Amino acid sequence: MSVPQLTLRAARNLHLAAQGLLQKPRRRPKPSDVIAAISRMSLLQIDTINIVARSPYLVLFSRIGSYPQSWLDDALLGGELMEYWAHEACFLPRKDFALIRHRMLNPEKMGWKYRPEWMVEHAAEIEKLLAHIECNGPVRSADFEHPRKGASGWWEWKPHKKHLEGLFTAGKVMVVERRNFQRVYDLTSRVMPHWNDDLHLIHQQEAEQQMLANSARSLGIFRPEWLADYYRLKNISLKPLLAQWQENGIVTRVDVEGIGEMWLHHEQLPLMEKAEKNTLRATHSAVLSPFDPVVWDRKRAEVLFGFSYRLECYTPAEKRKYGYFVLPLLHQGALVGRIDAKMHRKIGELEIISLYLEDGVKPGQALINGLYSALTDFAQWQNASRILLGNIPAVLASSWGEGWEISPESP
């Protein structure tokens with residue numbers, strides 16, 4: 001059989017289709033869309049930076065449209081989701097507990113996320129903490145005072161926070177809800193009362209093969225080296241697995257313009273004919289999170305989208321090229337630019353500090369309109385009543401001026 005030949009645009013669009021970003025949602029979202037979107041991505045990375053909407057909420061907004069952020073909180077509280085170390089700290093479907101349980105049972109392999117010497121040194125105190133949770137119910141680290149008043153910074157975490165983080169990584173406690181985005185922990189034995197390691201545990205190799213299968217499905221189209229990063233897997237032998245997948249019809253080899261050999265997941269096969277004819281249309285314009293699966297693998301984003309990207313919030317201000325918390329801009333299947341933005345919640349204003357278009361991007365009317373709509377939707381979802389524009393390209397300034405007022409979102 002001949003190998004399908006795809007343009008780079010078609011490959012990008014197949015990936016965006018797998019991620020739920022090919023086209024703008026055609027209906028109002030409903031609560032079940034939160035779980036559906038996370039299941040489609042396999043993982044939803046968590047980050048606490050709050051200069052605009054926090055990352056996990058934004059990733060969902062980019063896919064399902066304007067929804068109440070409480071829906072994500074409700075899904076965690078209702079037991080449909082769980083938290084654990086997957087790509088990094090992530091929300092994932094509760095049904096995937098079995099996939100990552102082997103990591104919990106070997107926390108010493110989790111690097112900086114678990115400090116065995118701390119857990120041994122404070123074993124007695126940690127046992128008292130577990131007994132407290134058993135008797136009194138779920139806790140936050142905020143429920144416990146720091147022994148040194150005024151201490152701050154991650155290196156000055158109070159002991160109970162370190163205890164809870166260690167117990168979380170070791171699978172002794174789980175996050176059952178977020179209050180003001182603070183983790184609330186309960187005993188795993190109470191959260192998962194029917195779980196039995198002797199009966200239900202999946203061997204690490206089998207679990208990792210399922211993780212790779214999830215990664216392939218969520219990427220849609222991929223190079224082999226992109227698979228392991230999705231769940232942060234190490235020492236994975238992919239060649240025999242890909243051969244097995246190909247034999248079983250799970251993946252198909254394709255040839256992509258400018259990239260060469262790639263693999264297409266079988267769930268994207270219904271789109272193959274349009275992709276080969278280069279008629280697979282991307283209509284979505286959206287603001288993406290820096291921790292969106294489309295860009296969290298910086299090398300993949302550069303190969304597939306020609307988008308060179310790094311997050312500069314940990315870079316000294318004078319050394320930043322683009323800004324503190326820079327968000328990629330998606331338009332009709334391409335990453336066309338980025339914005340440095342800040343949400344001023346008290347006055348209901350979204351400030352676009354800077355907007356940069358990528359080299360070679362020609363801002364025609366479709367792009368101008370698409371980005372205007374995407375920024376308006378982004379601001380409106382965060383209850384902004386105005387967008388203020390700072391440093392933006394002249395061609396956009398001539399159309400948009402210094403900003404615009406936003407009508408309240410209709411219920």
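The 51 positive and 47 negative charges of the protein have mean positions that are 2 Å apart. The coordinates behind this value, and behind every other value here, are those of a predicted model.

Among these charged groups, a search of the whole structure finds 21 salt bridges. One of them joins the side chains of Glu83 and Arg178, with N and O 2.8 Å apart. Glu83 belongs to strand E3 (residues 81-85) and Arg178 to strand E5 (residues 173-179), so this pair ties together parts that are 95 residues apart in sequence. Glu83 and Arg178 are both buried. The two residues also take part in a network of salt bridges, in which they are linked with Lys161, Glu165 and Arg183.

A second salt bridge is formed by the side chains of Arg386 and Glu405, at 2.9 Å from N to O. Since Arg386 lies in strand E14 (residues 386-391) and Glu405 in strand E15 (residues 403-405), the pair ties together parts that are 19 residues apart in sequence. Arg386 is partly exposed, with a relative accessible area of 24%, while Glu405 is exposed at 57%. Arg140 and Asp143 form another salt bridge, and their closest N and O atoms are 3.1 Å apart. Asp143 is partly exposed, its relative accessible area being 40%.

Glu208 is a charged residue without such a partner. This residue is part of helix H11 (residues 204-219). Glu208 is buried yet has no salt bridge. The nearest side chain of opposite charge is that of Arg103, 5.4 Å away; a salt bridge would need a side-chain nitrogen of Lys or Arg within 4 Å of a carboxyl oxygen. Residues up to four places away in sequence aside, Glu208 touches His102, Leu233 and Ile236.

The fold as a whole can be described next. The protein has 17 helices and 15 strands. Its radius of gyration is 23 Å, close to the 22 Å that the globule rule gives for 411 residues, so the protein is as compact as a globular protein of that length. The C-alpha trace spans about 65 × 60 × 45 Å along its principal axes. Of the 411 residues, 54% are buried. The accessible surface comes to about 19,700 Å², and carbon and sulfur atoms account for 50% of this area. Among contacts with a separation of 6 or more, 63% are between residues 24 or more positions apart.

Cys90 illustrates the buried part of the protein. This residue lies in strand E4 (residues 89-93) and is buried, with a relative accessible area of 0%. Leaving out neighbours within four places in sequence, Cys90 is in contact with Leu43, Leu44, Gln45 and Ile46, and also with Met82, Glu83 and Tyr84. Glu83 in this list is the residue that forms the salt bridge with Arg178. Cys90 and Asp47 are 43 residues apart in sequence, and their C-alpha atoms are 8.7 Å apart in space.

Lys277 gives an example from a loop, the one between helix H14 (272-276) and strand E10 (285-287). Lys277 is exposed, with a relative accessible area of 55%. From C-alpha to C-alpha, Lys277 and Leu6 are 8.2 Å apart, although 271 residues separate them in sequence.

Most residues other than glycine have a negative phi. Ser42, however, has a positive phi near 75 degrees. Its place is the loop between helix H2 (32-41) and strand E2 (44-45), and Ser42 is buried, with a relative accessible area of 2%. Gln332 also has a positive phi, of about 50 degrees, and is not a glycine. Gln332 is found in the loop between strand E11 (326-331) and strand E12 (334-344). With a relative accessible area of 40%, Gln332 is partly exposed, whereas Ser42 is buried.

Note on methods. Residues numbered from 1 in each chain as written. Predicted model: local features only at pLDDT ≥ 70, side-chain atom pairs only at ≥ 80, totals over all residues. Heavy atoms only, no water. Helix = DSSP H or I, 4+ residues; strand = E, 2+ residues; numbered from the N terminus. Rg over C-alpha atoms; globule rule 2.2 N^0.38 Å. Buried < 20%, exposed > 50% of the residue type's maximum accessible area, 1.4 Å probe, protein only. Contact = heavy atoms within 4.5 Å. Areas by Shrake-Rupley, 256 points an atom, 1.4 Å probe, with all protein chains shown as cover. Lys, Arg positive; Asp, Glu negative; His and termini not counted. Charge placed at Lys NZ, Arg CZ, Asp CG, Glu CD.
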